[in-house]
Amino acid sequence: MSQSDDPVDDDGERHGAGPALTRRSALQVGAVLTTAPLTGQAVAAPRTYPLMARPAAPGQTMKLGATINGRQFEAEIDARTSLLDLLRERFGLTGAKKGCDHGQCGACTVHIDGRRVASCLTLAAKVDGRRVTTIEGLSDGKRLHPMQQAFIDHDALQCGYCTPGQIMAAVACVQEGHAGSRDQIREYMSGNICRCGAYVGIVAAIEEAAGKMGRRA
Amino acid sequence: MPANDTELAGNVDDAGRMLDVVAKSHPQDSARLHVTGAATYIDDIREPAGTLHLACGHAPVARGELRGVDLAAVRAAPCVVAVLTAADVPGQNMIAQAFADEPLLAEGRVLFHGQPVFAVVAETREAARRAARLATFDVVQETPILTIDDALAAGTRVLPDYDFVHGDATSALSTAPRTLSSQLMIGGQEHFYLEGMIGMAIPGEGGTMTVYSSTQDPTEVQHITARILGVPEASVMVETRRLGGGFGGKESQACQWAALAALAARATGRPCKMRLDRDDDFAATGKRHDFRADWQVGFDDAGRLLAYDVALNARCGCSVDLSVGVVDRAMFHAGNCYYLPDATIRSRRLKTDTVSNTAFRGFGGPQGILAIERVLDAVAHATGRDPLDVRKDNLFSPGRDVTPYGMKVDDTSVLRDIVDELEATSNYRARRADITAFNAENGILRRGIALAPLQFGISFTLAHMNQAGALVNVYQDGSVLLNHGGTEMGQGLFVKVAQVVAEEFGIPLEAVRPTATSTAMVPNASPTAASAGSDLNGMAARVAAAKIKARMVPVASAHWDVAPESIAFARGRVSSGNKSMTFGELASLARKSQVSLSATGHYKTPGITWDRDKRTGKPFYYFAFGAACAEVKIDTLTGEMKVERVDILHDVGSSLNPAIDIGQIEGGFVQGMGWLTTEELVFDAKGRLATHAPSTYKIPVASDVPADFRVALTNRPNSADTIYRSKGVGEPPLVLATSVFSAITDALHSLRPGAQVPLHAPATPERILMAAESLRS
Ligand code: FES
Ligand code: FES
């Protein structure tokens with residue numbers, strides 16, 4: 001800002017020739033001075049990068065209608081989006097985790113019409129007209145689902161990153177009728193990796209919850 | 001009396017006071033959040049508007065001169081906001097801790113295949129990833145040094161060789177009645193923390209930066225980020241609420257990703273997030289060091305060890321990283337729990353053109369121990385004695401109790417008792433007889449059993465790291481905020497330390513809220529590592545709580561006009577005789593009395609005196625002991641193996657939280673089993689990691705866990721004065737999995753009794769088959 005553009009400074013005083021110290025420039029100098037001892041160098045203002053629209057992919061969008069955790073939704077989505085990204089990024093349902101993004105760890109397990117799927121490998125488009133349940137929708141919000149309670153009671157988690165996926169897989173495992181014995185549980189839960197190795201607790205939790213879920217049904 | 005129950009009744013503190021909250025099983029503080037999907041990891045934090053995403057361009061060769069990169073197409077790609085190279089680093093382009101040998105972004109030379117060379121910052125992660133592939137590299141490729149053999153031939157090192165010399169192993173070997181020598185290859189291990197590496201940075205005013213990092217060492221992330229940005233550490237705040245697994249992998253190596261996010265945030269003025277794709281995480285982050293142990297042992301006809309000479313050749317990769325400590329710890333544990341009258345423990349820290357290997361649960365200890373366990377098996381096979389008898393005869397005992405690094409082991413009876421008890425409870429002898437009979441039928445299927453003892457040193461061997469800080473705030477309603485320098489990665493540290501604080505104040509556990517680890521709350525912390533998390537942070541938190549309590553006591557004593565000594569804190573109340581009020585009422589009263597209800601606590605482990613150069617002093621505060629008995633069955637035609645049963649008796653001192661400790665033991669064992677049986681890392685001739693996804697890298701799943709798995713705690717107080725006489729538990733149980741490796745060795749040995757078993761780790765089906773075939777021929 002040059003002197004001629006702004007002959008009167010904020011104080012309303014006109015300055016003579018020579019470098020002017022206006023209130024504004026004093027503040028700027030002040031900012032540099034107060035920053036300098038701390039940083040050892042002036043902090044340059046970053047170049048500003050304007051917010052850009054997300055990539056428009058013409059012809060790639062579609063309308064999706066689905067029931068997610070009991071609520072009906074309609075959304076315009078990129079047809080290439082995975083169900084996991086849709087849940088996490090559009091709906092803020094971050095319970096399902098991205099462990100591998102390749103269908104190999106089970107951390108992203110959710111239910112479609114009651115069946116377990118790896119949501120990272122499922123195109124969001126596929127759930128059109130269907131019912132999706134995530135860990136957030138498993139209980140009624142007041143009381144925990146018996147499987148959730150059993151995971152707490154049996155210390156079936158350590159870092160917890162696999163836990164939502166384990167629980168969703170476990171509920172499906174019981175409903176499929178694959179929780180008849182410990183061996184069967186171990187076999188039918190082997191798509192869900194727990195790197196912390198909390199398997200003993202996980203299998204025990206499923207065994208117990210299987211009984212309770214049966215009774216409840 | 002082993003306690004496999006989750007409740008240990010009747011635990012008391014040193015003063016004989018009954019414990020209310022400590023020494024009981026409590027679920028993790030976040031358990032309910034975890035099971036409802038509400039526990040927030042960094043990738044779950046709602047992104048501020050305008051958040052940008054990073055992806056790296058990775059070096060396409062393992063070694064060479066980096067002349068330049070053509071980034072025009074990358075910059076022109078859709079949604080790309082910025083492309084950053086080494087030249088864009090305002091501070092120092094260096095992520096190495098002490099040795100200045102690894103840059104944030106490659107500069108001049110390529111150090112390994114997959115090394116980050118530039119970072120693309122784009123509106124979406126997908127756009128960044130797509131753009132990153134469009135670069136053209138100008139690299140003069142050179143023949144890489146990849147393997148331990150390559151590095152030994154080329155003589156490349158990241159650090160000078162370093163030895164412990166105890167007595168005169170060379171002459172003892174020459175006079176020993178019997179000797180054996182061989183090599184053992186020991187594979188590395190990928191951490192595969194289920195939550196991959198991630199960092200998010202939000203630029204603040206005046207050059208400040210807030211960084212969310214999935215790290216075991218927020219202080220180091222702060223330090224490195226400040227160095228990269230060229231700002232003081234006080235301008236960088238690092239916060240870590242929880243990690244989705246760390247296992248050592250996020251100790252030093254979380255820094256790079258957080259610093260890249262911060263660099264991008266500085267450059268663009270917008271929040272930036274760097275989350276590694278799983279394949280990139282595999283390729284660009286370090287692993288457990290693989291080793292080749294070249295050993296010679298001298299012994300008598302009864303299998304008593306007389307001399308041991310071992311060279312631990314460790315593949316460190318392209319830089320030092322944590323290899324000083326990792327390989328030192330392998331050396332410290334090279335004798336495990338066995339007395340070696342004369343020993344030379346050598347180490348060679350080999351430099352290769354591969355990703356820099358790093359901390360992994362056990363920190364080198366497991367590799368040192370596996371080598372000597374192989375030696376014990378070989379000595380047993382050579383003398384025709386039961387390997388358990390040979391092990392027992394060589395355990396430390398009074399008078400035979402000095403390690404090769406000169407530290408005396410005081411508690412030798414603890415381990416001896418554990419081994420005797422496990423021998424009985426696992427029914428070892430009867431099962432041994434049964435297995436011998438089974439194998440005598442000369443079938444294709446073979447069974448094996450092994451009982452392996454363990455002695456693991458607890459403390460950072462770099463003495464100054466044995467310190468911790470904590471901050472405790474009591475509010476006027478009696479609720480308590482707890483903060484300390486330790487990070488929660490699933491090991492239950494937060495609940496354990498909260499238990500300590502609740503116990504100190506005599507309040508219920510629910511009244512204590514553990515909060516995210518933050519460099520702004522507790523500065524200059526050590527990493528959460530070395531199994532020392534609860535030892536250090538528990539003590540620091542107790543110091544802080546005790547300070548506040550000491551200020552609250554006079555308030556109550558003045559209020560009631562009673563002697564301070566008569567005041568007791570228990571079950572949420574403060575009382576003296578028939579006078580009583582709630583803890584919250586006293587807190588409120590203290591505030592009105594102008595008494596501070598906030599305090600910091602600091603703790604340093606006493607008596608760690610190790611001097612690395614002189615090779616003298618005491619590197620460990622105490623030892624954790626344990627033993628495991630494993631039984632396996634192998635198919636000698638296919639190499640298939642199944643772990644049939646495992647019994648563990650482990651020493652956690654007086655457990656702070658038995659359920660958490662048992663979980664650590666089970667989980668550590670399973671992880672160790674993976675390391676030694678299925679997890680195989682394969683690099684191709686170009687130095688590219690061929691096993692970079694769970695499809696090719698096989699981690700134990702539920703069906704791999706032994707169907708019969710019995711874990712018990714000794715629950716015997718630590719003789720060292722630790723927090724409520726507990727012991728660290730994070731790493732030692734992983735090493736108990738050497739019992740599985742020895743059991744497989746035992747099964748194979750039945751094919752040709754008396755022969756050395758040519759099995760290397762990991763004992764994959766292929767390796768088991770090869771060993772079986774060579775024993776049969
Ligand atoms: S994230 Fe979907 S299976 Fe791993
Ligand atoms: S609890 Fe950490 S991966 Fe399962």
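What share of the contacts in chain B with a separation of 6 or more comes from residues 24 or more positions apart? The figure is 80%, where a contact means that two C-beta atoms, placed from the backbone, lie within 7 Å. Here are some notes to go with the model.

1. First, the ground rules. This is a predicted model, in which local features need pLDDT of at least 70 and side-chain atom pairs count only at pLDDT 80 or more, while totals for chains, interfaces and linings use all residues. Residues are numbered from 1 along each chain as its sequence is written, and chains are lettered from A and ligands numbered from 1 in the order in which they are written.

2. Chain B as a whole. Chain B holds 20 helices and 27 strands (DSSP runs numbered from the N terminus: helices are H or I with at least four residues, strands are E with at least two). Its radius of gyration is 27 Å against the 28 Å of the globule rule for 777 residues, so chain B is as compact as a globular protein of that length; the radius is taken over C-alpha atoms, and the rule is 2.2 Å times the number of residues to the power 0.38. Along the principal axes, the C-alpha atoms of chain B fill a box of roughly 85 × 75 × 50 Å. Buried residues make up 61% of the 777 in chain B (buried: 20 or more other C-beta atoms within 10 Å of the residue's own; exposed: 12 or fewer; partly exposed: in between; C-beta atoms placed from the backbone).

3. Strand 25 of chain B. This strand, residues 622-635, has 12 of its 14 residues buried. It pairs in the antiparallel sense with strand 16 (residues 445-458) of chain B over 14 bridges, pairing being called when DSSP finds at least two bridges. On that side, B:Pro453 stands opposite B:Ala627. Strand 25 of chain B also pairs with strand 26 (residues 641-650) of chain B, again antiparallel, over nine bridges, and there B:Gly626 faces B:His650. Five residues lie between the strands of this hairpin, in which B:Gly639 has a positive phi near 85 degrees.

4. Helix 10 of chain B. Residues 365-383 form this 19-residue helix, whose first and last C-alpha atoms are 27 Å apart, close to the 27 Å expected at 1.5 Å a residue (1.5 Å times one less than the number of residues). Because 17 of its 19 residues are buried, helix 10 of chain B is largely enclosed by the rest of the structure. Just after this helix comes B:Gly384, with a positive phi of about 75 degrees.

5. The chain interface. Here 61 residues of chain B contact 56 residues of chain A. On the chain B side, helix 17 (658-677) is one of the elements giving two or more residues, and its six residues are the largest share. That side divides into 29 nonpolar, 21 polar and 11 charged residues (nonpolar: Ala, Val, Leu, Ile, Met, Phe, Trp, Tyr, Cys and Pro; charged: Asp, Glu, Lys and Arg; polar: the others, Gly among them).

6. B:Arg278, worth a look. This residue is found in helix 8 (residues 278-284) of chain B and counts as buried because it has 21 C-beta neighbours inside 10 Å. Leaving aside neighbours within four places in sequence, its contacts include A:Cys100, A:Asp101 and A:His102, as well as B:Gly196 and B:Ala693. B:His692 is 414 residues away in sequence, yet its C-alpha is 7.9 Å from that of B:Arg278.
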